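Dear colleague,

Please find below the structure that I am handing over to you, together with its sequence. My notes on what was found in it follow directly after.

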Amino acid sequence: MNAISPAQQPRRVKAAFMGSFAVALVVIMGVFATAIYLVEASVRDRDLAERSAAVAKLFAVKLDQDANLMRAVVRTMMDNAAIEEAFRSGDRGELEHNARDLFEALRSDHRITHLYFTGPDRVNLYRLHTPTEHDDRIDRATMLQAHSRKQPVHGLELGPLGTLTLRLVMPWRQGERDLGYIEVGEEIKHVIDEVHDNLAVDLLVLVDKHYLAREQWQRGQTLMQRQGEWERFSSYVALAQTVPRLPVALDESVLARLLNGDSAKIEDGGRSLHMAAVPLADAAGHPIGKLAIMRDVTLLESTFNGYMAAVVLLSLAVAAGVLGVFYVALQRVEKDYRRQHELEHRLLRLDTEHQRLLQMEKLSALGTMVGSIAHQLNNPLVGVVNMAQLAEREADDPARARELLAEIRRAGEDCRGFVRRMLEFSKVSCFESKPTPMAALIEDTVLLFRQTEERHLPVNVQLPDDAPVLNVDPILIRHALFNLLVNAAQATQGVGADTGLTIRLEQQNDPNTGKPGWSLSVLDRGRGIAPEAMDKLFVPFFTTRSDGTGLGLPVVLHVVLLHDGHVTATNRPEGGAQFAIWLPQ
Ligand SMILES: Nc1ncnc2c1ncn2[C@@H]1O[C@H](COP(=O)(O)OP(=O)(O)OP(=O)(O)O)[C@@H](O)[C@H]1O
Ligand SMILES: [Mg+2]
């Protein structure tokens, strides 16, 4: 017999699902957050690139505007007859006298810091900003270009002292005659300030040290009372800026990135600065340095981080909600799963127990059967032995011996009859069904019954108008019906009253399954079934008759079961019993 295995713990459905679901959620949220950060970073980079382009453009526009203003100023001077006379005659005293007021007004109102009167050979006649210095030849790019092109030229000039100025050199001609040049200049600090005001970015003018000499630059810083840091970067120096001091985090590596054309992000005293740089060229077209742009993105970043935190919190809440719902659903599933598992296990155990009981029942039925067979055969055999002994002793009396021999024969016949019934019982398993008209089957059985029955009991057959043709084994069904008729006849023996039998065939659905079928019943008005016999009617060898074998009804049950039918025994209210065979359609 199979040993019952202990109930295995059902797999942890919830843990498995919840684990992978949570991991999936975390991965999705991670990817989502990363994607948003990347998009934000790229938007910020693009914004900075656009701002850098705008800075470069506005810076150039401002320089052009200032150059136009300078041109107008120079024209005004050229129209001044006294200045012209003083210039033509090379009289520095007169130039000072006539141009000083105008220069001072330009210096205070328009930030013009340099004013030169230079001869046609580029030799300086008079500098209003440093009157003591003159007679040197000027060979700055703007002057050289104006000299060769005979046209006004403007552009950025890097001075030896580390000043970056916007210069305009205008040739002064009268008819075919070259009088020389007027040159004006201004420092560009206010230009980057204006760009800063307009575009809300800080600017830093970085110049390549190749274009500067350290001692002169140092001298310039002292003269202009500035505290520039020559050592701050190895190859560049800051000449002008819109911030009071350079950010500490702006080091060589950050500068290298800017020079490379990349953007960089630095932190400075709690502020986040996003940096880029655009090239800066002087009037000669030399790449003298870079215009670095610093954008304060602190507010933008904190706003973004705030939104991001809100989104993450919201996503977490939603994820927690979904997980919760999922958890509850899974809990239910797991509960059902456990219950089912437990039921299956219990069923398995019951089945095993049931098999064991069946086995025991079979063994005990076998024991009963063997006992009954032994009993049934033993009685006549004991008689045979006893009577044979008697016959031996009384062999001299032939009449008595004959009598005893007749007894012995009868006992032998009893044994043979019993064995014959047993053989009939075993034959029942040969089952062969075919379409059988039930009316004819019943008629044949009644005929057979009448031949064997000595009391000529009336048999009333009740058939429906259209008696069916059923798919049955006619020999077995006839045998079963015959057994029921014999039993009914035996039950009515000695009862008197109305002792006729009835056979009834009627259409009837299976009361248990509702399947269509037919009921074939035998009714009598005999003794009825004793209450104590009711449960054992179909048990082999159960009988209440002294000469019965108790195999009639078991045969009926066996036949009916072979036909997928069932048999019921009931006592009738008006007296007698009813045995009904139900057969499927
Ligand atoms: N129509 C009936 N009315 C009352 N009791 C019945 C009826 N049919 C059967 N029984 C009871 O059922 C018992 C068993 O019947 P069963 O046909 O199996 O054996 P038997 O008739 O006693 O012997 P056998 O049929 O082997 O000669 C009978 O002994 C009887 O007590
Ligand atoms: Mg019987």
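**The ligand and its surroundings**

A polar side-chain atom of Arg 545 lies 2.7 Å from an oxygen atom of ligand 1. Please keep in mind while reading that this is a predicted model.

In Thr 549, a polar side-chain atom is placed 2.4 Å from an oxygen atom of ligand 1. With Leu 553 the backbone takes part: one of its polar backbone atoms is 2.9 Å from an oxygen atom of the ligand. How much of the accessible area of ligand 1 does the protein cover? Ligand 1 has 590 Å² of accessible area on its own, and the protein covers 92% of it.

As for its location, ligand 1 sits in the largest pocket. There are 22 residues around the ligand, and those that come nearest are Asn 487, Thr 543, Thr 544, Arg 545 and Thr 549. Which elements supply at least two residues each to the shell around ligand 1? They are helix α11, α12 (552-562) and β17 (577-584). Of the elements that contribute, α11 gives the most, with 4 residues.

**Asn 483 in helix α11**

Helix α11 covers residues 474-492, and Asn 483 lies within it. Is Asn 483 buried or exposed? Its relative accessibility is 9%, and it therefore counts as buried, since the cut-off for buried is under 20%. Leaving aside neighbours within four places in sequence, Asn 483 is in contact with Arg 421, Gly 552, Val 555 and Val 556.

**Arg 137 and its loop**

Arg 137 is found in the loop between β2 (124-127) and α4 (141-149). Which residues does Arg 137 contact, once neighbours within four places in sequence are left aside? They are Asp 121, Arg 122 and Val 123. With Asp 121 there is a polar contact: a polar atom of the Arg 137 side chain lies 2.6 Å from the backbone oxygen of Asp 121. Gly 119 is 18 residues from Arg 137 in sequence, and the two are 9.3 Å apart in space, C-alpha to C-alpha.

**Two residues with positive phi**

Phi of Lys 150 is near 60°, a positive value in a residue other than glycine. Lys 150 lies in the loop between α4 and β3 (153-158). Its relative accessible area is 37%, so Lys 150 is partly exposed.

For Ala 200, phi is near 55°, which is likewise a positive value in a residue other than glycine. The loop that holds Ala 200 runs between α5 (189-199) and β6 (202-208). Ala 200 counts as exposed because its relative accessibility is 56%, and exposed begins over 50%.

**Helix α10**

Helix α10 comprises residues 438-452 and contains Glu 443. Ala 439 lies in helix α10 as well.

Glu 443 and Val 461 are 18 residues apart in sequence and 8.5 Å apart in space, C-alpha to C-alpha. Ala 439 and Val 461 are 22 residues apart in sequence, with 9.4 Å between their C-alpha atoms. Not counting residues up to four places away in sequence, Ala 439 touches Leu 463 and Ala 467.

Yours sincerely

Key:
Residues are numbered from 1 along each chain as its sequence is written. Chains are lettered from A and ligands numbered from 1 in the order in which they are written. This is a predicted model: local features need pLDDT of at least 70, side-chain atom pairs count only at pLDDT 80 or more; totals for chains, interfaces and linings use all residues. Side-chain values use heavy atoms; hydrogens and water are left out. Buried means under 20% relative accessible area, exposed over 50%, partly exposed in between (1.4 Å probe, protein chains only). Contact means heavy atoms within 4.5 Å. A residue is near a molecule or strand if one of its heavy atoms lies within 4 Å of it. A polar contact is a pair of N or O atoms within 3.5 Å; within protein, one must be able to donate a hydrogen and the other to accept it, and residues adjacent in sequence count only if both atoms are side-chain atoms. Accessible areas come from the Shrake-Rupley method with a 1.4 Å probe; for residues, only the protein chains shown count as cover. On a 1 Å grid over the protein atoms alone, a cavity is a set of points where a 1.4 Å probe fits but cannot get out, and a pocket is an open set with protein on both sides within 12 Å along at least five of seven lines; lining residues have an atom within 4 Å of a point. A molecule sits in a cavity or pocket if more than half of its atoms lie within 2 Å of its grid points.
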